[in-house]
Amino acid sequence: MKRNLFFLVIVWIISANVFAQKKYINAGPMLGHVGMTEAWLWIQTNAPATVRFAWYPEGHPAQKKFSPKVRTHKDNGYTFKTKLTGLKRGTVYRYEVYINGKKIQFPYKLRFKTQDIWRYHQAPADFSFVFGSGAYINDEPWDRKGGEYGGHYRIYESIADKHPDFMIWGGDNVYLRQGEWNSKQRVIYRYTHDRHIPEVQRLLATVANYAILDDHDFGPNDSDGSFWNKNTTEEVFRDFWANPSFGVGNINGAITQFSWYDADFFLLDNRYYRDANKLKTKSPKTMLGKEQLEWLKNALATSNARFKFIVMGGQFLNTVRRFETYSNHGFDKERLDIIDYIYDQGLKNVIFLTGDRHESEINVFDPSNGDPVIYDITSSPFTSGPNTYAWKENNTLRIPGSLIMKRNFAMVSVKGQRENRHVEVSFYDTDGKLIYTYRLDFHKPVKKIQRRDQ
């Protein structure tokens, strides 16, 4: 009898905590940028609440530290994020969430590991990350007509099951519905609605998350720098993500950079400074803007990383002049300028990570004259409707067999000992089943193509 009573008490306590979670938390917690000595944590309540985080090295709860108590408020969607500092490198940490003074229980471990020092000390660690784009969450009656456009949200559970070190959300992470981009409260509503789905919570809480934006989380479809409310949509983007920065120096936009062992990641904003697709009176046109492009070039030249990943919304290498590829709408000169710069600067192991197209593929630019190979890994969509007509495109740079026309995600692995480090990319379907895998080869020719100056 006493044993049964004890069991019922435990069940009641757990149920009460779960109820507290559902009552006060709309989304999260979310792990943001993780470095050697710092990490970001984020959460969203569904009403004003007092929030704080606690953290400690795993196995050493006596070393627990607390963030300041903060009251969430409506103006930024009841979101709260804080940077944990003074962490030990190469250390596993546990973290906790307190809402209105109550510790909230979760059905998964809230933990993360800081990066370790490696240059001049030891070989860089193997790591993996997931990349993808296109996350449409159904919301009737705001959805388009003709049936549900989004679906298969279990893909986020499949990603979490792979235990990547971090996740890069490659744009169109929400889809602002008609007119929502004109109202800050409606933009906040869209993020709040989409971030709430249960399937994504474990992924947010247990994997470091980084993000860029593209047209659907920036403004109207195919939007550009002329969008009048872009400062508002980018403000909400900042409230709902925990990147290392939002802009670099005096350059505004959803732009940042971070390192993960021997790889540097350059996250670009291809909307804030973009010339209009239909603009015909300017040549060359710019997608990145002069200042962002100059920053990228200097940052690439400065980077000592073995691998350089450039993350942007639209496809970079695809040669098809349709939709919003870099080859289309008059942006091809800027595309060639970037390619020439990579070769003129002697940059090696450059990999673009792109989305937007609702299909996945690997493109490769190989001049076959001794210059390094450039890759473009496109991964899309997560939960949006897939493009089932991409096979009709005469994309001359696509690696045969790499085209995927259904919901999927890409897992990129960087591994090997020092001089034998290499990159592999594997695409998985909604249920986490392998679709296609490819090892990037930066040394031998893959395709023949002439550069602009040949």
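**A helix pair and its surroundings**

In this predicted model, helix H3, residues 184-195, and helix H6, residues 230-240, have axes that come within 10 Å and cross at roughly 35°. The crossing in which H3 passes H6 is right-handed. On the H3 side the residues that meet the partner helix are Lys184, Val187, Ile188, Tyr191, Thr192 and Arg195, and on the H6 side they are Thr232, Thr233, Glu235, Val236, Phe237 and Phe240. Sorted by class, this contact between H3 and H6 is made of six nonpolar, three polar and three charged residues.

In soluble globular proteins, nonpolar side chains tend to be buried together. Here the largest nonpolar core has 60 residues, and those with the most contacts inside it are Phe129, Phe166, Ile168, Trp260, Phe265, Phe309 and Tyr375. Strand S7, residues 92-99, gives the most to this core, with four residues. A second, separate core has 40 residues, including Ala27, Trp169, Phe227 and Trp241. To return to Phe265, its contacts, leaving aside neighbours within four places in sequence, are with Phe127, Phe129, Phe166, Ile168, Thr256, Gln257, Phe258, Trp260 and Phe309.

Next comes a sheet. Six strands form an open sheet with mixed pairing, in the order S13-S14-S15-S16-S18-S17. Its edge strands are S13 (256-260) and S17 (361-365), each of which pairs on one side only, and neighbouring strands of the sheet are turned by 20° against each other on average, with direction ignored. Strand S17 runs antiparallel to strand S18, residues 374-378, and five bridges join the two; in this pairing Val364 has Tyr375 of S18 as its bridge partner. Helix H7, residues 290-302, lies across S13, strand S14 (263-267) and strand S15 (307-311), and runs at about 180° to S14.

Strand S1, residues 25-34, is mostly covered, with 10 of its 10 residues buried. Strand S1 pairs with strand S2, residues 39-45, in the antiparallel sense over five bridges, and Leu31 stands opposite Leu41 in S2. Between S1 and S2 there are four residues, and the two strands form a hairpin.

Methods: Residues are numbered from 1 along each chain as its sequence is written. This is a predicted model: local features need pLDDT of at least 70, side-chain atom pairs count only at pLDDT 80 or more; totals for chains, interfaces and linings use all residues. Side-chain values use heavy atoms; hydrogens and water are left out. Axes are lines fitted to C-alpha atoms, for helices over the stretch in contact, and angles run from 0 to 180 degrees between N-to-C directions. A crossing is left-handed if the near helix is turned anticlockwise from the far one by less than a right angle, and right-handed if clockwise. Contact means heavy atoms within 4.5 Å. Ala, Val, Leu, Ile, Met, Phe, Trp, Tyr, Cys and Pro count as nonpolar, Asp, Glu, Lys and Arg as charged, and the others, Gly among them, as polar. A nonpolar core is a set of buried Ala, Val, Leu, Ile, Met, Phe, Trp, Tyr and Cys residues joined through side-chain atoms within 4.5 Å. Buried means under 20% relative accessible area, exposed over 50%, partly exposed in between (1.4 Å probe, protein chains only). Two strands pair if DSSP finds at least two bridges between them.
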